[in-house]
Amino acid sequence: DDMTTPQTTRRHVMFAIVLVWLLVCGGLAWATHSVIQLERKEARDAAEKAYREDLMLAIYRIHDVVAPILWLESGRPFEHYRYEYKPAEARNQKTNVDVSRTTLVPSPLQLVPSTPWILMHFMVSESDRWHSPQAPAFDGSAMSAIAMDPDVRARMARPENWLTALRDSYTLSSLFNVLDAAGDEGAESDIALGPVRRFDRLLENHPKEQCISSNVLLENLDIKSWSPTTGVDASGCIEVERSPMEPVWVDLAADESMYLAFVRFVHPKGPGFCILQGVLIDWNRLRATLEAEIADIFPSARLVPVPPDANASPESAMLSLPIRLETGRPTQVPESARLGGLNLGLAVTWLATLAALIAITYGTFRYVTIIERRMRFVAAVTHELRTPLTTFQLYTDLLSGDAAKDPERRREYIETLRGESKRLARLVENVLAYSRMGARTPKLDRRRIMPAELLEAVRSETAGRCDAANKQLVIDNRCRHDVAVDTDSEFVVQILSNLVDNACKYSSGAEDRRIWLSTSDGPDNSVVFEVEDAGPGVAQADRREIFRPFRRGRTADAEGLSGMGLGLALSRYWAECLGGRLTLGHGRQNGVHLARFELSLPCEPVG
């Protein structure tokens, strides 16, 4: 029962410590997970925000490059798309006579634009005739630019070559359909309804009207099939509507290179005709220009054409071009970058928490160990004191009674009381020695002494105990005669006496009644004292346990042998104070069992 209470207390403490560890580590793990998730979300949001800001900046840069050209082209007068055109009003400076019907003015677009990615301007009339201000007297005999080798095309293609490529690939109606799909998605696209109705919505949003003299208008727009039956006077004026430029992709004979066109329609009210005008763009050159413009933001960006039937992401779609921006940069930040500083903070927190838990656990077990030691101390001392006190009471009563009148019995009772008093004195001395153990180093009375003298002192000290246990102490001195030990002989005799006393106690059932006490020369200038018996020895599991205070082997507990379990703990402590060591091993006489205790002390030769 005395041992059950400490074990139960230790189990309860273990359960409490494990529970504390689980609660603290579990809570910290949950908090760590939440913090990491929050940090990752904040990092993702910050990365997404930065990405969107860079994306919008890149899109606006692209728009700033294209929009001025697009607005410039949208604002051009429709008559500039002929190589030479009739002015709306022209008078002779001398006679002030109207000469607009006979005067031709060169188009300002006759020169190929200096912008490298603009190939040419073009116009297709209601009778599918193609014109370009950069291609005078176009008769369609020029080689198509697409038929040229790509290297030759880049160096030598002229506007008439590009106009031939457009003429070979599109008609007015088919180009209307392309423009319809790109610029008026969702509107009615039946060709039978006519192009005018398909662009009503654009005209509502971008009304551009002007009244032009009919003969000037018909000449400049190359309208041949108009007649007065339409209800419009040929000498009067006709209102003209112009739509804004709409970007469309043109497929020039399935060429691998992409070409972009900004196209608008011109609609004279009354005749009911629509004429398309536009500018042809070399997409590869334009793309290179735009990608260079945003290279500092997205070094690996790519601009990808978007077909009319594709849905581009609103975030990456351009404001003025049917393209999308593929940045080549992930929106997610790497784990190492997003948690760099947080990892250090969490690591410090975990280390501090674990250090605190380890310190608490260590302190708790130290405290429990002290409590257990006190409980064992109280239990052992109470148990050991009970026997001599009971003996004192019993033999005192006998001495005071009639049995004490017999001299022989009286002498026997007195010897018993004397033995119990010595036992009680040893018990008290051990308790006092244990109370001082570790508090301060015992004061040593060192002197030079021969090993043989120590052996004789132990024989004299333990003679009575050996006789009482029916044991024979065998002394064997194998040391050289010129070796002495500089030590406190009282402590050495006390250690060896404790070992002999334990040998008498724990080998009581052995057939061989001998106990061997020997000394020999050890390694490193030492003297080794050995105490060995023929008993069962110490169990392997108890090899370290028996040197702890108030701990005894399982054999002692099972057989109910007396003792507090302080002898070996004090002996090892005293041995260390003397500069030696006390160990347990297999003996020379009883090598099967752990029955040999070895005390090693430093020595010096006798000078």
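User: Leaving aside its neighbours within four places in sequence, which residues is Thr361 in contact with?

Analyst: This is a predicted model, in which local features need pLDDT of at least 70 and side-chain atom pairs count only at pLDDT 80 or more, while totals for chains, interfaces and linings use all residues. Residues are numbered from 1 along each chain as its sequence is written, and side-chain values use heavy atoms, with hydrogens and water left out. Thr361 belongs to helix H10 (residues 340-400); helices (H or I, at least four residues) and strands (E, at least two) are DSSP runs, numbered from the N terminus. With contact taken as heavy atoms within 4.5 Å, and with neighbours within four places in sequence set aside, the partners of Thr361 are Ile17 and Trp21.

User: Is Thr361 buried or exposed?

Analyst: The classes are buried (under 20% relative accessible area), exposed (over 50%) and partly exposed in between, with a 1.4 Å probe and protein chains only. Because the relative accessibility of Thr361 is 16%, this residue counts as buried.

User: Which residues make the nonpolar surface patch of about 460 Å²?

Analyst: Patches are made of residues with over 30% relative accessible area and no salt bridge; like charges are joined within 9 Å, and nonpolar side chains (Val, Leu, Ile, Met, Phe, Trp, Tyr) within 5 Å. Accessible areas come from the Shrake-Rupley method with a 1.4 Å probe, and for residues only the protein chains shown count as cover. Leu23 is placed in helix H1 (residues 4-74) and is exposed, at a relative accessible area of 59%. The patch of about 460 Å² is made by Phe15, Leu19, Val20, Leu23 and Val24.

User: How many Å apart in space are Glu48 and Pro330, C-alpha to C-alpha?

Analyst: Glu48 is also part of helix H1 and counts as partly exposed, at 23% relative accessibility. In sequence, 282 residues separate Glu48 from Pro330, yet the C-alpha to C-alpha distance is 9.4 Å.

User: In which order do the 5 strands of the open sheet stand?

Analyst: Two strands pair if DSSP finds at least two bridges between them. The 5 strands form an open sheet with mixed pairing. Strand E13 (472-477) and strand E17 (581-585) each have a single partner strand, so they stand at the edges, with one side of each left without a neighbour in the sheet. The order is E13-E15-E16-E18-E17.

User: Which residue in E18 is the bridge partner of Gly585?

Analyst: E17 and strand E18 (residues 596-602) are paired in the antiparallel sense, over 5 bridges. Within E18, Gly585 has as its bridge partner Arg596.

User: About how many degrees does the direction of helix H13 make with that of E16?

Analyst: Axes are lines fitted to C-alpha atoms, for helices over the stretch in contact, and angles run from 0 to 180 degrees between N-to-C directions. Helix H13 (residues 489-506) packs on the sheet and touches E13, E15, E16, E17 and E18. Its direction makes with that of E16 an angle of about 20 degrees.

User: How far apart are the closest N and O atoms of Glu530 and Arg596?

Analyst: A salt bridge is a side-chain nitrogen of Lys or Arg within 4 Å of a carboxyl oxygen of Asp or Glu. Glu530 is buried, at a relative accessible area of 4%, and Arg596 is buried as well, at 12%. The two form a salt bridge, and their closest N and O atoms lie apart by 3.5 Å.

User: Which other residue, with its closest atom 2.6 Å away, forms a salt bridge with Arg596?

Analyst: Both members of this pair are buried. The closest N and O atoms are 2.6 Å apart, and the partner of Arg596 is Glu598.

User: How many residues apart in sequence are the parts tied together by Glu291 and Arg302?

Analyst: Glu291 forms a salt bridge with Arg302, the closest N and O atoms being 3.8 Å apart. Glu291 lies in helix H8 (residues 283-293) and Arg302 in strand E10, so the separation of the parts they tie together is 11 residues.

User: How many of the 11 residues of helix H15 (residues 567-577) are buried?

Analyst: The buried residues of H15 include Leu568, Tyr573 and Trp574. Helix H15 is largely enclosed by the rest of the structure, because the buried residues among its 11 number 8.
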